[in-house]
Amino acid sequence: MSRKAAKPKPRAKAEVPPGEITATGPGKVILLGEHAVVYGQPALAGALSWGVTARAVPARRCELVVPRDLPAPGRKLLERAFHRAAAAAGAPKVKVQLEGELPVSMGLGSSAAVGVACARVLLRAAGRRDDPRSVVRIALLMESEFHGTPSGVDHTTSATGELIAYRRRDGAELGSARVVRSPHPLKVLVALVGRRSGTREMVSALRHRIDRWPVRYGRLLEEIGTLASEGARAVEEGDLEALGDAMNVNQGLLCAMQLSSPAIEEMVQRLRHLGALGAKLTGAGGAGGAVVALFLEPEPLVARLRRAGLACFSSQLAGPAAL
Ligand code: PMV
């Protein structure tokens, strides 16, 4: 997996060896509600057309081919996480290889995508059901090795592969998710800026401020939750302008909670200036990361911005597919 955003190459059918099982875990963007979702507020998130593919071939034992470009501590962590998932899936005798072009550690849910791809391929190889709930349950086991206790929005979005309204449930292993349908194609442009801060650090810095000023931050978190609910309704009603406005207001609140940065703000302004209906950071935020912008037709702009050297891509999150 690389940091650059190049188009994924389709794999020729003839290359598939006999007995190979493949499964994918898409990346995600949170349109509304990151951070607040950790505290039980609703969020609106969609699966990207980019992700991670896991390929499993018959082997003498259950093992993972750890990507070579991963630094040593990450390799150990990934192996440990994989073996936890493998044990829960019934430890099928397969060798699993990962590939994908989803930018890593930029707020696009790459670790959830790895978890979902592994969980799905392991369940399939073990001849078990790979419905979204079973997949999320195993993918979250992997995630607990990486990040501690996430809200589950990344994993549920990846396992569902749809635009969803998600809510964490107190004390429950899995949150609730509802697919949000759009009468129109809902397309976004995702731009990558700078180097991102870690999710764990951003979540814990915010927790510290919430513990200190619970009433003030409680108001902001609740407002973000309201925006997420309003945004989901706007999508269903085909009102993309209202969705874009909710994204802009959400960005203001994330900035107020010190989760943004000059690099992110500059990109948000640039994309709004270029006609975005709404633009905001997506994911944990911090020094840099991914910015998501809502456009009716982002494709020509992606081509133009890429020529100008910006790492960006477009993805359709919901609505009827283009012919
Ligand atoms: O780890 P990221 O950047 O893809 O986003 C995580 C989203 C948060 O709401 C910040 C954390 C969570 O567990 O939901």
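How many residues surround the ligand, and which are the closest? I started there, keeping in mind that this is a predicted model. I count 16 residues around the ligand, and the closest are K28, H35, S151, R196 and T199.

The side chain of S151 puts an N or O atom 2.6 Å from an oxygen atom of the ligand. For D154, I get 3.1 Å between a polar side-chain atom and a ligand oxygen. A284 uses its backbone instead: an N or O atom there sits 2.9 Å from an oxygen atom of the ligand.

**Who builds the shell.** I sorted the shell residues by type and got 6 nonpolar, 6 polar and 4 charged. By element, β1 (21-32) and α4 (153-160) each give at least two residues to the shell. By domain, I find at least three shell residues from domain 1 (21-179) and at least three from domain 2 (186-322).

**Aromatic pairs.** I searched the whole structure and got 1 aromatic pair. W50 and F313 make up that pair, with 4.6 Å centre to centre and 40 degrees between the planes, so I logged it as tilted, since the planes fall between the 30 and 60 degree cut-offs. Are W50 and F313 buried or exposed? I have both down as buried. What does the pair tie together? W50 is in strand β2 (residues 43-58) and F313 in strand β10 (residues 312-318), so the pair links parts 263 residues apart in sequence.

Definitions and conventions:
Residues numbered from 1 in each chain as written. Predicted model: local features only at pLDDT ≥ 70, side-chain atom pairs only at ≥ 80, totals over all residues. Heavy atoms only, no water. Near = heavy atom within 4 Å. Polar contact = N/O pair within 3.5 Å; in protein donor to acceptor, adjacent residues only side chain to side chain. Helix = DSSP H or I, 4+ residues; strand = E, 2+ residues; numbered from the N terminus. Nonpolar A, V, L, I, M, F, W, Y, C, P; charged D, E, K, R; others polar. Domains from an automatic or database assignment. Phe/Tyr/Trp six-rings, centres within 6.5 Å; stacked < 30°, edge-to-face > 60°. Buried < 20%, exposed > 50% of the residue type's maximum accessible area, 1.4 Å probe, protein only.
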